[in-house]
Amino acid sequence: MNENELVRRLVSIGWRGSRAVRLGPGDDAAFLRGGMVISTDLAVEGVHFRLDWISPEEAGFRAGAAALSDLAAMGAAPEALLVSLAVRGEPSLALELQRGVRAAGDRVGVAIVGGDVSRSPGPAVLDVVAVGRARTVTVRGGAEVGQGVWVSGALGGAAAAVRAWEAGTEPDPRARERFVAPPDRVTLGVALADAGVARAMIDISDGLVADARRVADASRVMIRLDAGAIPVDDGAGDLNLALEGGEDYELMFTAPAGAGSRIRALGQEMAVALTRIGRVDEGEGVVLEDSLGRVRAPGRGGYDHFATPDPGGAS
């Protein structure tokens, strides 16, 4: 059973519908009546981070930023965080992890309002719940044929850092920074949603190909990626890492064909590079097109907790 199948089975057990919920499982966050948006993100030592690679505060920051990234993908403004921690041995580790999450909250102006703590016999575990608010949300299922596919920032840097650590070397400082300090795209996500520019949106946590496939599946379309247009992070220098590496926490979204100038103006206003990397076509799945018009199916991309041997790194 792979991760996607496990999630489907878990949803079938847990979700029975509710009048209080406007959007339930299957997207980056749940959307409740009254405008509340809620997401949770789990970080496990040895799977999502290693404390011989990064400090506890950096691990906490990453966990907080990852949870807030889910709100960004929905176009929701964050309002609060809740943090649950399980740590082994000396409880000072919990304090350092909490300081990191707090720093991620400080970056977007929200506080930690509660949580839970426990002793763990094994690895450290963080569960960060992000609470936000939106009038409407941008979902994965809004992509339509003819729309452009866009991405913020550049991709592959965080995965390059993981690859270096796994090889026993120190990563490029630019790649390391991308891993320990994921970008804040909350303001951008809210602006894209409020302006009605983004019609489908997702944050890139599991790799561009894997997350583009989630949008394609939810929207029942094909996403055609232009290999030459995909922005590769300076710390990566490898298109495959940009396609499949994950951990970027940038936003991928679809937008009407005529929205390019508006999107670029928004990017300039917020000092964020926004790049058109493909289009939405009829069909299903994700394909990659090169400069000669040759098309191939990319790999599955992304990390699967249950189908892939644990590399002892990030996911």
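Trainee: Is Arg214 buried, partly exposed or exposed?

Mentor: First, this is a predicted model, in which local features need pLDDT of at least 70, side-chain atom pairs count only at pLDDT 80 or more, and totals for chains, interfaces and linings use all residues. Residues are numbered from 1 along each chain as its sequence is written, and side-chain values use heavy atoms, with hydrogens and water left out. Now the scale: buried means under 20% relative accessible area, exposed means over 50%, and partly exposed is in between (1.4 Å probe, protein chains only). Arg214 has 23% relative accessibility, so the residue counts as partly exposed.

Trainee: Which residue forms a salt bridge with Arg214?

Mentor: A salt bridge here is a side-chain nitrogen of Lys or Arg within 4 Å of a carboxyl oxygen of Asp or Glu. The closest N and O atoms are 2.5 Å apart, and the residue paired with Arg214 is Asp211.

Trainee: Why are Asp211 and Arg214 separated by about one helical turn?

Mentor: Helices (H or I, at least four residues) and strands (E, at least two) are DSSP runs, numbered from the N terminus. An α-helix has 3.6 residues a turn, so residues three or four places apart point the same way. Asp211 and Arg214 are about one turn apart because they both sit in helix H7 (residues 208–219), with a spacing of 3 residues.

Trainee: How many residues apart in sequence are the parts tied together by Arg178 and Asp248?

Mentor: These two form a salt bridge, with their closest N and O atoms 4.0 Å apart. Arg178 lies in helix H5 (residues 173–180), while Asp248 is in the loop between helix H8 (239–244) and strand S10 (250–255), so the parts they tie together are 70 residues apart.

Trainee: Which residue has a side chain joined to that of Arg178 by a polar contact of 3.1 Å?

Mentor: A polar contact is a pair of N or O atoms within 3.5 Å; within protein, one must be able to donate a hydrogen and the other to accept it, and residues adjacent in sequence count only if both atoms are side-chain atoms. The Arg178 side chain also reaches a backbone oxygen, that of Ala154, at 3.1 Å. There's a salt-bridge network too, linking Arg178, Arg185, Asp233, Asp248 and Glu250. The side chain you're asking about belongs to Glu250.

Trainee: How many salt bridges does the structure hold?

Mentor: Side chains of opposite charge can pair when their charged atoms come close. One of the pairs is Asp290 with Arg294, at 2.7 Å from N to O. Asp290 is partly exposed at 24% relative accessibility, and Arg294 is exposed at 54%. For the whole structure, the number of salt bridges is 20.
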